[in-house]
Amino acid sequence: MYHYIIVGSGVGGSTLFKELNRKYPNKRILLLEMGDRGIKYNTLRGEVQIIYITSLGGSGLGAVGNAIRIDLRKIGIKNSEIYQEIERELNVREVPDSHINERSRYLFNYGFKRTPKFIDFDKCTSCGMCARKLCPYKWTPLRFLNTSNPYSKILSNFYVSSIGKEGDIFKVEGYHLITGKRMVFEGERVIVCGGGINSPRILSSILNNEHLGKNLFVDIFVTVGGVLNNCNLDRSVPMALYKRYDGFLLSPHYSIYLYRSVKRERRDVSSRDIYGIMVKIGDEGSGFVERDKVYKSVTKRDEKLLSRGIKKASGILQDMGVEKIYRTILRGSHPGGTCAMGRVVDKNFETEIEDLYVCDASVFPESPGLPPILGIIAMGKRLGDIL
Ligand SMILES: Cc1cc2nc3c(=O)[nH]c(=O)nc-3n(C[C@H](O)[C@H](O)[C@H](O)COP(=O)(O)OP(=O)(O)OC[C@H]3O[C@@H](n4cnc5c(N)ncnc54)[C@H](O)[C@@H]3O)c2cc1C
């Protein structure tokens, strides 16, 4: 019997694992994770392509290190001290001059700022591979998975298929993805941290709540850009600068999709000649997740914000010398909203089933429209205090 069972080792799950082991160094804490070492991307195709990672450490493994404070008042977290604590822990620093792409410096003229990042710039080589390979110089949730508590355990490659409750005891059931062995773990309290796509699926086995799986947002983004000879953005720190406009964010971003679009027309172009600006919006929660289906649409408001952002970015790119503007498909890498606070969980992150909690991006009632990792860590710390 475990005191706590955490499902999912992403940003939310790893933070809780760390916080609970620190607070209760002798309690039995089990972390169940379907993924393993390495980065396993999942791509859901549709009007908006959704991307997330199912690995030990979750989607944070592919993060480009953006460490932005988001407004957490709707989650009941009002103080900024929690962010100061997290920034100290993750060693957050703004991108220094040495790591800003030569051509991107032009964006300072438009009021772009240096992005705060959880990257060690004394060691970062600007390889531009933050989202694609594991890097020892970038914080990831893996750093939160070490503990000296001898009663705590992490089981990876374990897929949780259902949660049940008999009396006061939870039964978390699933199977090992390599051996196929089915197992049931008993626990007093369960915290589901499966992320915006998978938390509602896991909970649907036990929770009958009409809002579960609804309200999906993904922070839709598109990269616009074209040819800027020898700009080397592909070998630069991604999103090193950013600027927030009313309803959208712009940030320099190399995209392989952009490269492919250009390459179809211009054979002579190489990846180092591609310069792009990402346009990211906080989209409406117009999507939903079911057991075997994920649907995400683009609303009229989303379309309007995207086209305003694209227009702004295209103007800047033309000023920089990009002659023809290309754009990528719509994508989203911040799925959330599907177990929203106020609808599926209460202000203590608890569902209507006592001692069953959720703590990940699915809890955000609406899209923050900004990189959410710092906010999810803050949630994990808050729930760690509550439990
Ligand atoms: C390429 C990319 C770059 C990004 N860059 C940034 C950035 O720079 N800054 C930022 O703030 N945000 C960034 N994000 C977004 C950020 O990574 C995510 O919003 C965040 O990691 C979500 O955390 P989470 O805890 O909600 O879920 P996740 O991190 O997705 O964790 C969920 C975990 O649950 C596990 N799981 C799911 N279902 C089951 C099951 N049935 N059984 C067992 N385990 C299960 C999954 O394998 C996963 O490990 C980026 C995302 C991507 C994809």
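View 1. The centres of domain 1 and domain 2, taken over C-alpha atoms, are 30 Å apart. This is a predicted model, in which local features need pLDDT of at least 70, side-chain atom pairs count only at pLDDT 80 or more, and totals for chains, interfaces and linings use all residues. Residues are numbered from 1 along each chain as its sequence is written. Domain 1 covers 2-89 + 139-213 + 336-386, and domain 2 covers 99-114 + 220-332; these bounds come from an automatic or database domain assignment. Where the two meet, 21 residues of domain 1 are in contact with 21 residues of domain 2 (contact is when two C-beta atoms, placed from the backbone, lie within 7 Å). On the domain 1 side, β4 (49-53) and α3 (195-203) are the elements that give two or more residues. That side has nine nonpolar, nine polar and three charged residues (Ala, Val, Leu, Ile, Met, Phe, Trp, Tyr, Cys and Pro count as nonpolar, Asp, Glu, Lys and Arg as charged, and the others, Gly among them, as polar).

**View 2. The whole chain, for orientation.** Step back and you'll find six helices and 20 strands in the chain (these are DSSP runs, H or I of at least four residues for helices and E of at least two for strands, numbered from the N terminus). The radius of gyration is 21 Å, close to the 21 Å that the globule rule gives for 387 residues, so the chain is as compact as a globular protein of that length (the radius is taken over C-alpha atoms, and the rule is 2.2 Å times the number of residues to the power 0.38). Along the principal axes, the C-alpha atoms fill a box of roughly 65 × 45 × 45 Å. Buried residues make up 51% of the 387 residues (buried is 20 or more other C-beta atoms within 10 Å of a residue's own, exposed is 12 or fewer, and partly exposed is in between, with C-beta atoms placed from the backbone).

**View 3. The largest nonpolar core.** This core has 112 residues, and Ile-5, Val-279, Cys-359 and Val-363 have the most contacts inside it (a nonpolar core is a set of buried Ala, Val, Leu, Ile, Met, Phe, Trp, Tyr and Cys residues joined through C-beta atoms within 7 Å). Helix α6 (residues 373-386) gives the largest share, seven residues. The core draws at least three residues from each of domain 1 and domain 2. Zoom in on Ile-5: leaving out residues up to four places away in sequence, Ile-5 touches Leu-30, Leu-32, Phe-170, Val-172, Phe-185, Gly-187 and Val-190.

View 4. Strand β9 (residues 158-166) runs antiparallel to strand β10 (residues 169-176), and eight bridges join them (strands pair if DSSP finds at least two bridges between them). Look for Gly-164, whose bridge partner in β10 is Lys-171. Two residues lie between the strands of this hairpin, where Gly-167 takes a positive phi near 65 degrees. On to strand β11 (residues 182-192), which is antiparallel to β10 and joined to it by six bridges. Here Tyr-175 has Arg-182 of β11 as its bridge partner. The hairpin of β10 and β11 has five residues between the strands, and Gly-180 takes a positive phi near 80 degrees.

**View 5. Strand β15 and its neighbours.** Eight of the eight residues of β15 are buried, so β15 is largely enclosed by the rest of the structure. Ile-274, Gly-276, Met-278 and Lys-280 point one way, while Tyr-275, Ile-277, Val-279 and Ile-281 point the other way. Strand β12 (residues 220-227) is antiparallel to β15 and joined to it by seven bridges, with Thr-223 opposite Met-278. Strand β14 (residues 248-252) also pairs with β15 in the antiparallel sense, over five bridges, and Leu-250 has Val-279 as its bridge partner.

View 6. Gly-287 lies in the loop between β15 (274-281) and β16 (288-289). Gly-287 counts as buried because it has 27 C-beta neighbours inside 10 Å. Not counting residues up to four places away in sequence, Gly-287 touches Leu-216, Tyr-295, Lys-296 and Ser-297. Ser-156, in the loop between β8 (152-155) and β9, counts as partly exposed because it has 19 such neighbours inside 10 Å. Leaving aside neighbours within four places in sequence, Ser-156 is in contact with Glu-33, Gly-35, Asp-36 and Leu-56.
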